[in-house]
Amino acid sequence: MQAESDAENATGGGAARANGTPVAPVAPATPVAPGPAKAKAGAEAAVKSRRFPSITRDTARPEGSGRAVPGAVSTPARQWPMLSVLTATAIGLLATAFGHPRVGCLAIGVALIAASVMRRVLPSVGMLAVRSRFTDMITYGLLGVAITLLALVMAAPKPWLVIPFMEDAVRFTVR
């Protein structure tokens with residue numbers, strides 16, 4: 001390892017700190033013959049290193065940057081999974097705004113459950129992919145189930161689903 005850095009400094013490649021600032025070349029510990037060593041170092045420089053670079057020059061594309069449909073299709077058609085979830089959520093918000101909170105919350109919960117299913121089933125979902133597939137599925141699924149259950153046990157005016165221990169749990173946590 002030391003010999004590699006000495007050879008690199010001798011050939012003028014220089015070194016860099018982890019933050020990218022250059023470091024002045026250091027004289028090699030062993031003398032380097034001017035002729036054949038330079039040719040050998042040049043040949044080694046032509047071979048691409050398989051090591052991960054110490055300084056990252058670019059970032060990897062996120063998983064969701066891929067398209068759900070090939071690039072020849074228009075943008076709304078390429079992002080149909082995300083647009084369908086957003087449309088269902090907008091419908092749920094409008095229903096809630098017009099005085100139907102249970103129906104609106106059910107629509108939002110079902111939209112999130114559908115997002116979880118799409119994230120699992122479809123190979124490419126466009127911008128619906130935010131994190132890893134597993135994390136997206138768990139996040140969308142748990143939020144969707146929680147919102148759907150809350151909509152079903154909502155007390156206004158009469159719950160559609162009665163869970164026996166729910167009143168005790170609310171009393172214990174809220175009051």
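1. Leaving aside its neighbours within four places in sequence, with which residues is Asp136 in contact? Asp136 is in contact (heavy atoms within 4.5 Å) with Arg119, Leu128, Ala129, Val130, Arg131 and Gly141.

2. This is a predicted model, in which local features need pLDDT of at least 70, side-chain atom pairs count only at pLDDT 80 or more, and totals for chains, interfaces and linings use all residues. Residues are numbered from 1 along each chain as its sequence is written, and side-chain values use heavy atoms, with hydrogens and water left out.

3. Asp136 lies in helix 6 (residues 133-153), helices being DSSP runs of H or I with at least four residues, numbered from the N terminus. Asp136 has a relative accessible area of 0% and is therefore buried (under 20% relative accessible area, 1.4 Å probe, protein chains only). Its side chain makes a polar contact with that of Arg131 at 3.1 Å; such a contact is a pair of N or O atoms within 3.5 Å, one able to donate a hydrogen and the other to accept it.

4. The largest nonpolar core has nine residues, among them Val85, Leu112, Leu128 and Tyr140. Such a core is a set of buried Ala, Val, Leu, Ile, Met, Phe, Trp, Tyr and Cys residues joined through side-chain atoms within 4.5 Å. Helix 5 (residues 101-121) supplies the largest share of this core, four residues.

5. In helix 4 (residues 80-97), the buried residues are Pro81, Val85, Gly92 and Ala95. They lie on the same side of helix 4 because they cover an arc of only 85° around the axis, taken from the directions from the helix axis to the C-beta atoms.

Note on methods. Helix = DSSP H or I, 4+ residues; strand = E, 2+ residues; numbered from the N terminus. Expected span 1.5 Å × (residues − 1). Buried < 20%, exposed > 50% of the residue type's maximum accessible area, 1.4 Å probe, protein only.
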